[in-house]
Amino acid sequence: MTEHLERRTIPDILAHAARTWPSAEAVVDGDLRVSYARLAADVHEVAAGLMALGTAAGDRVAVWAPNGYRWVVAALGTLQAGGVLVPVNTRFRGEEAAYVLRRSGASVLVVDDGFLGAAYLRQLLKAAAPTGDAPPDRNERPDRPVPGLPDLRAVVTLAPHEDEAVLSFDELLARGRDLPVAEVVRRAADVAPADLADILFTSGTTGDPKGAMTSHGANVVVNTAWAEMVGLRAGDRYLLVNPLFHSFGYRAGLLAALLAGATLVPMAVFDPAEALRLVEAEQVTVFPGAPAVYTTLLEHPDRDRHDTGSVRLVVTGAAVVPLALIRRIKAELGFGTVITAYGLTESCGTATVCPPDAPEEKVATTSGRAIPGTELRISDPGRPGSAAPVGSPGEVLVRGVNVMQGYWQDPEATAAAVDAEGWLHTGDVGVLDADGYLTITDRIKDMFTVGGFNVYPAEVERLLVRHPGVADAAVVAKPDERLGEVGLAYVVLRSGATVAPEDVVAFCREHLANFKVPREVQVVDALPRTASGKVQKFRLAAPSPHPRRDPRRPPLTGE
């Protein structure tokens, strides 16, 4: 797919896909089956509708909706119209969404109001109201659909809505039908590789969310590299459980599928029983996801009732990926190749990939090598600005085409994250081996100190899931009068397993230095996770009197 590098904008790759695979299925969403030719036509209609609403090149358009066909056409239509896509997390509530809309200055919001019973629009109205009181009556806001968000000119709902101040999706399309086709074509042709394509906001777990900015050219180059390195190809059927509002789902999902000519099968909400059914019914061949996705499938009682042997490729990451889990995915689910990758929002979603033909030990223990156009460095903790020796741990730094343009309207945070030499400071601790393969060992902010010795929770978590009765685990610090901090482990047991906390501690003592052994183990039903599968340790951690991260700069969430 290297020829795609000549098509350096997202509208370019959509046009190429429609020409190359016009009759191939682009998206299968429930009963809806859409070819690449129809996808291009539908995206054109959305772009025309947005332009008819007054969307100019560079205007921000927010999409607050779950995985589905209308998310796809709303996002691609925004980019076709020269706009900047601002995905909004479906788990956000009114105040969080209002912050993203206000901060980005979004002029249009496309929203699936009522998704999973959430009254998104009413929440937004209340949160954005100048006084914080109940939302005003719709007749009191004829000029702006959401008082308190003066930049927001229009709200488009994905279903008919009683509120006269908003438009339905069908009404959006109707607005654009009188716009000459040539105007939309010209707008798409005017988009340049260096133009801003999207602003993805971090989760805000360590402060206010920051909007990472990425260009069209970076998106095309990075996701071409991702698709080529993992072996994504035309005819693949890609089960998309990663949320489209997240960098993985949007970039390594939607954009990579466009580049390769694969078929997307999006899931609005991950449900293990439905995922198993879809794998069999749609003959899914590619199934990326966070490690927790596969753990859930492995523990599901319906697992053996479905033929899942069509899956030839699994790409995972975003958390600890134990060798034991990789072996179970292949042996018990029948999936073919399991590989790992690493990246964060600020690196356009991808920094390294472990290709399928890598040596087995590399696939099992690393996140792969840097993608083309990207450099990696491990910062030497004792010599700031210098690279650590091969095999020595330090903060992972990334430089290259995949590094964000910066945080939206936040030069201070940008300068703290990307240094004067262009290195993105990821906040992750890692090791590079002699072959250039990266192993992520932990987050700087997660590390804690027991009696003067550093403990990296990921190391302990990798051991915990090797226990025959443990399916998932997370380790955080808890205060201790004598040692300052000690480990506290939360474990999720395998289906049907009965394991006492003291047995888990004893297991750790057999394999770990004493200071690394958790002093307490709590059994829980599930670990709190982000939509991308990362454990939300702030919801588990006990208050600690000691800092756990480098105080010289703010952490990055990587969300």
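Trainee: How many residues of strand β3 (residues 60–64) are buried?
Mentor: Buried means under 20% relative accessible area, exposed means over 50%, and partly exposed lies in between (1.4 Å probe, protein chains only). Strands (E, at least two residues) and helices (H or I, at least four residues) are DSSP runs, numbered from the N terminus. Strand β3 is mostly covered, and of its five residues the number buried is five.

Trainee: What kind of model is this?
Mentor: The pLDDT is the predictor's confidence in each residue, from 0 to 100. Residues are numbered from 1 along each chain as its sequence is written, and side-chain values use heavy atoms, with hydrogens and water left out. Local features need pLDDT of at least 70, side-chain atom pairs count only at pLDDT 80 or more, and totals for chains, interfaces and linings use all residues, as the model is predicted.

Trainee: What pLDDT does the protein chain average?
Mentor: Of the residues, 91% score at least 70. Over residues 1–6, however, the pLDDT stays under 50, and over residues 543–559 the pLDDT is below 50. The average for the protein chain is 88.

Trainee: Which residues of β3 point the opposite way from Arg60, Ala62 and Trp64?
Mentor: In a regular strand the side chains alternate between the two faces of the sheet. In β3, Arg60, Ala62 and Trp64 point one way, and the residues pointing the other way are also buried. These are Val61 and Val63.

Trainee: Which residue of β4 stands opposite valine 61?
Mentor: Two strands pair if DSSP finds at least two bridges between them. Strands β3 and β4 (residues 84–87) run parallel and are joined by four bridges. Opposite valine 61 stands leucine 85.

Trainee: Is the unit made by β3, helix α3 and β4 right-handed or left-handed?
Mentor: A crossover is right-handed if, with the strands pointing away from the viewer, the path from the first strand over the helix to the second runs clockwise. Helix α3 covers residues 69–80, and the β-α-β unit it makes with β3 and β4 is right-handed.

Trainee: Which residue of β5 is the bridge partner of alanine 62?
Mentor: Strand β3 also has four bridges to strand β5 (residues 108–111), and these two run parallel. The partner of alanine 62 in β5 is leucine 109.

Trainee: Which residue of β18 is the bridge partner of methionine 213?
Mentor: Methionine 213 lies on one side of β9 with Gly211 and Ser215, and these are buried. Strand β8 (residues 196–201) pairs with β9 in the antiparallel sense over five bridges. Two bridges join β9 to strand β18 (residues 406–407), also antiparallel. In β18, the partner of methionine 213 is glycine 406.

Trainee: Which are the edge strands of the open sheet of four strands?
Mentor: The order of this sheet is β16-β17-β19-β20, with antiparallel pairing. An edge strand here pairs on one side only; the two are β16 (374–379) and β20 (438–443).

Trainee: How is α8 oriented to α9?
Mentor: Axes are lines fitted to C-alpha atoms, for helices over the stretch in contact (heavy atoms within 4.5 Å), with angles from 0 to 180 degrees between N-to-C directions. The axes of α8 (residues 216–230) and α9 come within 9 Å and cross at roughly 80 degrees. Angles under 35 degrees count as roughly parallel, over 145 as roughly antiparallel, 65 to 115 as roughly perpendicular and the rest as oblique. Therefore α8 is, relative to α9, roughly perpendicular.
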